[in-house]
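Trainee: I would like to learn how to read a protein model feature by feature. Could we go through one together?

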Amino acid sequence: MPPYELGRRPLLAGAAAALAASRARGAHSVDLGLPVRPATRQLTTAFPQKGRMILQRGMAPLLETPFSVFDQGVFTPNDAFYVRWHWGVFPTAIDADTFRLTVRGKVARPQSLSLSDLVRGLPQVELAAVNQCSGNSRGFVQPAVPGAQWSNGAMGNALWRGVRLKDVLDRAGVQPGAVAVRFTGLDEAALPDSPRFHKSLSLDHARDGDVMIATGLNGADLPLLNGFPARLVVPGWYATYWLKMLSDIEVLGAADDNYWMATAYRIPDTPDGGIAPGSKGFPTRPIGAMVPRSFFTNPPGPGAVAAGAPLALRGIAFGGDRGVAQVDISTDDGAQWRPASLGPDQGRFGFRRWSATITPVRGRNVVAVRCTNSAGLAQPVHSVWNPGGYMRNGIEQITLEAAA
Ligand SMILES: Nc1nc2c(c(=O)[nH]1)N[C@H]1C(S)=C(S)[C@@H](COP(=O)(O)O)O[C@H]1N2
Ligand SMILES: [Mo]
């Protein structure tokens, strides 16, 4: 069932409703409504500290958040927070007493920080921010592209607690000539010749005061699969940079040319990161800031919609690397838009809930939702296409059939 995709018709129940129904039946699989086959995934409760998740891949784990979770609150619970690892080789238990985070490279005072150095030795900050995989919603991309065929649940919004990366770098004393900072975790590559996972940020970005080393998720420790005991949080940027089980920070004197920066996670060097399907040999740049998105979280089930009667709709929105300025609803294929009501502001990097009441007409009603961020950037009608299946953010719509 393709519930949230512009131009895909004509579903009454969305994936959320389908999942709720399958849950009630105690089902073990869910239809994600993807245009790629198979569209069905198993549900699993086999992973530590996780509830029922959509199994995209077992090892290295790719676990998707069932979309109905996003209707339950503005923060995504830890046991439902999605999981994505490139390699399956990482510790399954970590001793919090002996864990150390090293800071080295172009620094005056190399550091070996214990967890208590991080938790008690530096000012603690807390920030609401959306963690979204660059390839979230890739399963809807047409023409289809290789990679994890996620539905819309490779994202989550949480309260991240930890320290500012800037404070950690200041403690180490960044030396003149430093330009970038490279992050490495405890995971290792599966094969000797495969590239270990690293990501880097420019020094200016690393020191912007928003980038964090988080030890807490929604008031609890990070779940192991989400990077216990410490991970990077790069507010407003795609989650590929949010390095988990962070164990090493290296300050570099030159831009990082490792595989994960120079080859992987790159987008066409065009204003919106999109390109005509099939293009080859175009210039690229590393993926960076997120773009605005909004979703329906309570698509009414079949038979639930009556013509002429007010119908309450609700959902979530986020602005990408800016706050949500407005969320608008259209019931006439985008000819006219009117503002939805916005829930409490949790800060510019978090989800914002929205709600709106429409009065369906008899027959088919196509309802669309669009987020505009505080920089004036609005969701496009058509998502960009690129070979990585990254940055999908086209306007979502649902189709409702209203009986008289
Ligand atoms: N150490 C490490 N960190 C990592 C990754 C990884 O493979 N190893 N994957 C990145 C990618 S691509 C994503 S989408 C996010 C997923 O974060 P989550 O599993 O907490 O949801 O982790 C990022 N951090
Ligand atoms: Mo990702």
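Mentor: What follows is a walk through this structure, which is a predicted model, taking one kind of feature at a time.

Trainee: Let us start with the rings: how many aromatic pairs are there, and how is the pair of Phe 81 and Trp 160 arranged?

Mentor: For a pair one looks at the distance between ring centres and then at the angle between the planes, where over 60 degrees counts as edge-to-face. The count here comes to 15 aromatic pairs. Phe 81 and Trp 160 form one that is edge-to-face, with 5.8 Å from centre to centre and 85° between the planes. Phe 81 belongs to the loop between β4 (62-64) and β5 (83-84), while Trp 160 belongs to strand β9 (residues 155-164), so the pair ties together parts that are 79 residues apart in sequence.

Trainee: Are those two residues buried or exposed?

Mentor: Phe 81 counts as buried, at 0% relative accessibility, and Trp 160 is buried too, with a relative accessible area of 0%. Elsewhere, rings gather into a group: Phe 67, Phe 70, Phe 295, Phe 318 and Phe 351 form one aromatic cluster.

Trainee: Which charged residues lie over the face of a ring?

Mentor: Here one asks where the charged end of a side chain sits relative to the ring centre. Lys 199 lies over the face of Tyr 241, at 4.6 Å from the ring centre, and Arg 370 lies over the face of Trp 337, at 4.3 Å from the ring centre.

Trainee: How many disulfides are there?

Mentor: A disulfide is a covalent bond between the sulfur atoms of two cysteines. In this model the count comes to zero.

Trainee: How many residues surround ligand 1, and which polar contacts does the ligand have?

Mentor: One begins with the neighbours and then goes on to the polar atoms. There are 18 residues around ligand 1, and the closest are Tyr 82, His 86, Asp 187, Arg 231 and Lys 244. A nitrogen atom of ligand 1 is 2.6 Å from an N or O atom in the side chain of Asp 187. An oxygen atom of the ligand lies 2.9 Å from a polar backbone atom of Arg 84, and a polar side-chain atom of Asn 226 is 2.9 Å from an oxygen atom of ligand 1.

Trainee: Which residues of helix α3 are buried?

Mentor: An α-helix has 3.6 residues a turn, so residues three or four places apart point the same way. In α3 (residues 165-172), the buried residues are Leu 165, Asp 167, Val 168, Leu 169 and Ala 172. The helix is followed by Gly 173, whose phi is positive, near 75°.

Trainee: Which residues other than glycine have a positive phi, and where are cis peptide bonds found?

Mentor: Most residues other than glycine have a negative phi, and most peptide bonds are trans. Asn 218, with a positive phi of about 50°, lies in the loop between β12 (212-217) and β13 and counts as partly exposed at 26% relative accessibility. Asp 333, with phi near 60°, is found in the loop between β20 (324-330) and β21 (338-339) and is exposed, with a relative accessible area of 61%. As for cis peptide bonds, one joins Met 59 and Ala 60, with omega about -10°, and another joins Phe 228 and Pro 229, with omega about 5°. Ala 60 is in the loop between β3 (53-57) and β4, and Pro 229 is in the loop between β13 (220-221) and β14 (231-233).

Conventions:
Residues are numbered from 1 along each chain as its sequence is written. Chains are lettered from A and ligands numbered from 1 in the order in which they are written. This is a predicted model: local features need pLDDT of at least 70, side-chain atom pairs count only at pLDDT 80 or more; totals for chains, interfaces and linings use all residues. Side-chain values use heavy atoms; hydrogens and water are left out. Rings of Phe, Tyr and Trp (its six-membered ring) pair if their centres lie within 6.5 Å; planes under 30 degrees apart count as stacked, over 60 as edge-to-face and the rest as tilted. Helices (H or I, at least four residues) and strands (E, at least two) are DSSP runs, numbered from the N terminus. Buried means under 20% relative accessible area, exposed over 50%, partly exposed in between (1.4 Å probe, protein chains only). A charge sits over a ring if NZ of Lys or CZ of Arg is within 6 Å of the ring centre and within 35 degrees of the ring normal. A disulfide is a pair of cysteine sulfur atoms within 2.5 Å. A residue is near a molecule or strand if one of its heavy atoms lies within 4 Å of it. A polar contact is a pair of N or O atoms within 3.5 Å; within protein, one must be able to donate a hydrogen and the other to accept it, and residues adjacent in sequence count only if both atoms are side-chain atoms.
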